[in-house]
Amino acid sequence: MRRIVLWFMTTLSAVVLLLGYRTSTSTALPAGTATGTRTTGTTTTGTASGAAANGTATAGASGAAGTVVTGAVASTRWGPVQVQLTVSAGKITAAQVVQQPDGNRRDEEINASAVPTLVQETLDAQSAKIDMVSGATVTSEGYLQSLQSALDQANLA
């Protein structure tokens, strides 16, 4: 009988410890705090274009370098992702990520290698039909959402 009680208590303790384990080093946001509302801006050939403060997609002005469009903010579990494209003559000439998860050092390490890969894939494919980056699934999914929003703004397929 003692063995059964000891086994049961050990199992119960292990289950409680496993359920109480926190898997993320990120801190939770206080209730009511919105993510993806940071305002950013870039200047291309004298015309300014920026992301709207409410996280919606905005289109920029046309210039000699092309039209700059900014996709909607994709809220991921690790933070916001937002893509900005420069389009000229119906082709994507440049892509950059204006917002990406950066809550801790691990996010920065992952995105340091994933973001350039995603940008290059976008330039090569000229569409949102790109491969996700292994190990950066959450960022890749957010990138694809924002990329599709930017492509829709630029009237590209």
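This is a predicted model: local features need pLDDT of at least 70, side-chain atom pairs count only at pLDDT 80 or more; totals for chains, interfaces and linings use all residues.
If you want to find the meeting place on screen, pick out N111, L118, V119 and T122 on the α2 side; their partners in α3 are T139, S140, Y143 and L147.

Let's step back to the whole chain for a moment. It holds three helices and seven strands, and from the N terminus the order is α-β-β-β-β-β-β-β-α-α. Of its 157 residues, 33% are buried. When contacts between residues at least 6 apart in sequence are considered, 41% of them join residues at least 24 apart. The exposed surface comes to about 9700 Å², with carbon and sulfur atoms supplying 56% of that area.

The largest nonpolar core has 21 residues, and the members touching the most others are L85, V119, Y143, L147 and L151.

What does L85 contact, leaving aside its neighbours within four places in sequence? Its partners are T67, V68, V69, I92, A94, A95, T122, L147, A150 and L151.

With 17 residues, α3 reaches 24 Å from its first C-alpha to its last, close to the 24 Å expected at 1.5 Å a residue. Which residues of α3 are buried? They are T139, S140, G142, Y143, S146, L147, S149, A150 and L151. This buried set packs against strands β4 (66–70), β5 (74–76), β6 and β7, and against helix α2. Just after α3 ends, N155 takes a positive phi of about 60 degrees.

One more spot in α2 is worth a visit. I110 is found in this helix, and not counting residues up to four places away in sequence, I110 touches G135 and A136. I110 and S134 are 24 residues apart in sequence, while their C-alpha atoms are 9.9 Å apart in space.

Key
Residues are numbered from 1 along each chain as its sequence is written. Side-chain values use heavy atoms; hydrogens and water are left out. A nonpolar core is a set of buried Ala, Val, Leu, Ile, Met, Phe, Trp, Tyr and Cys residues joined through side-chain atoms within 4.5 Å. Buried means under 20% relative accessible area, exposed over 50%, partly exposed in between (1.4 Å probe, protein chains only). Contact means heavy atoms within 4.5 Å. Helices (H or I, at least four residues) and strands (E, at least two) are DSSP runs, numbered from the N terminus. The expected span of a helix is 1.5 Å times one less than its number of residues. Accessible areas come from the Shrake-Rupley method with a 1.4 Å probe; for residues, only the protein chains shown count as cover.
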